[in-house]
Each structure stands twice: as C-alpha cells, then as structure tokens.
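Work through the exercises below with the sequence and the model at hand. Each task is followed by its solution.

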Amino acid sequence: DEEYGGGLANSLKAFESRDKKMKMSQLEDRARAEQINAYHKSENIHSRDRLNLENPRFPKHMLLAVGARTYLMLQTSGRLVDGHCLIVPQQLSVSTTQCDEDTLEEIRNFKKCLIRMFDASDKECVFYETAMNLQQMPHTYVECIPLPRKMAANAPMFFKQAMRECEDEFEAQNKQLIDTRGVKKLAAKIPKHMPYFSVEFGLGGGFAHVIENEREFPKTFGMDIMAGILKVNAEIIRRQQRNGIGEERQLAEAFAESFKPYDW
C-alpha cells in the first residue's frame, strides 16, 4: 500500500507538473499571439498613417522644416489661404493633450516662428486642432491659418459664436465653452483621452470644446468657420483638387525660403 501510495503521489505530481507545463505553454502561446497581433496592428496603423515621415506615400515635397520631435508642412488639400500649414508631431499622437513636454515645446516654437514670419506681412495666425475618433489612432496636427489683421481681430467672435451654436445643436451635456486664455497646456483643461476641438489666436489662448457626440460633430468644423471668416464657399474648399506636384513643390520652396529667417 505504501508503495502504491507513493506511486500514486508521484503520478499525481507528474500529472500536476504536466498540467503546469501545458498551462505555461498555453500562456506563452497566447502572449506570443498577442505580441504578433500588437505588432501587426502597429504596422497597419503606421502603414495607414499618411503623416508618418517614413511612409513611402508621405508628400516629402511639402515638408517645410523638421525639428527633433515635430515638423512643419504645407496643407496638401483643402487649403484655405496661401501659407495654410500644419504643425505635426513626428511620433503618432492622437491629440496634443497626449504629447510629451518636449513635443509640446517644439509645437510652441513653430507657432512662435510662424507668428513672427506672418507678422512681417501684416498677418496674424489662427491655430486649431480637431481631435476626434481617437480609437482609430489618427495622427493629430495643428493647422495654422494666417489672416489679415482686420479679419483676425474678428476671428475670436466668429469661433465663440459658432462653438456655442454647435454645442446647442449637437451636444447634450458638455455645453461649457472652455476658455484657454492664459493656459499653457491644453491637457490642464481637457482630459487626455477625450475628443475635442480647440482654437488659439496667436499665443494668447482661445477656446476649446470637449466633443460629446462624434457622429454629429462636423470633422470640418474649423475649416467651415474659417471659410465663413474668409467669405469663401467651404464646400468648394472641401472638394478642391490638389495641385500638381510641380506646383506644390514651388509653393513649398517659396514658403520654406520665407520661413528660413524665422526658423529656430
């Protein structure tokens, strides 16, 4: 009996050990599969990311200046005015509220340079960002629209009114317009994982709104308001065909040449 009992105990230990090995093997297989899926998901996101500098389809001829963590490029389609450009984090970020301090500092530096450059031609800058559908991992960017001073003076009123009207039409709860004047970091006012629209007039701050109803909130909200300020047809701008590469290259080269004296 003792021998039998010892054999049974050993057999049970062997089964337990085999069961542990099987479980460990299954866990390893699952972890490996998750890593592979995460890699493929990351690869898919990057291959679809039209703002990734390593993407073969990235329009390098529209690149104006490159920093350590961000870059400046001309808008490729839906260009509202001459000088309509984008400040873009190099690393994929779905919103500037999720960017690190160094990236935010570079975005601010590009803003300062653009303000100085356009000031020389009697224009002021309006910057805006639309951070929506964050779960789809879009690559965020800040748009810069240079406006003649008289138009720029009216821009805060236009945006404030339009954002309030939009809240009344599309939003049920988040109806409070967020005042970002005097706020250095947007993340101080907006939770990191929330979709939002924000606009800034020069470096003096502006307004922001947390988007509650992404299905209804217009993705082209910023463009539509700017088109109203500029008194141009937003629909025509949206359907605007891209210029040929030769013409785009000329526009980018002219902009880059003007930007050089102000580039930090």
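Rings of Phe, Tyr and Trp (its six-membered ring) pair if their centres lie within 6.5 Å; planes under 30 degrees apart count as stacked, over 60 as edge-to-face and the rest as tilted. The model is predicted, so local features need pLDDT of at least 70 and side-chain atom pairs pLDDT 80 or more, while totals for chains, interfaces and linings use all residues. Residues are numbered from 1 along each chain as its sequence is written, and side-chain values use heavy atoms, without hydrogens and water.

**Exercise 1.** Classify the ring pair of Phe 110 and Trp 264.

*Solution.* The structure holds 11 aromatic pairs. In this one the ring centres are 4.5 Å apart and the planes stand at 75°, so Phe 110 and Trp 264 are edge-to-face. Helices here are DSSP runs (H or I, at least four residues), as are strands (E, at least two), numbered from the N terminus.

**Exercise 2.** Which residues of the largest nonpolar core touch the most other members?

*Solution.* Such a core is a set of buried (under 20% relative accessible area, 1.4 Å probe, protein chains only) Ala, Val, Leu, Ile, Met, Phe, Trp, Tyr and Cys residues joined through side-chain atoms within 4.5 Å. Of its 29 residues, the answer is Leu 80, Leu 147, Phe 159, Phe 197, Val 199 and Met 226. By element, α4 gives the most to this core, with 7 residues.

Technical notes
Buried < 20%, exposed > 50% of the residue type's maximum accessible area, 1.4 Å probe, protein only.
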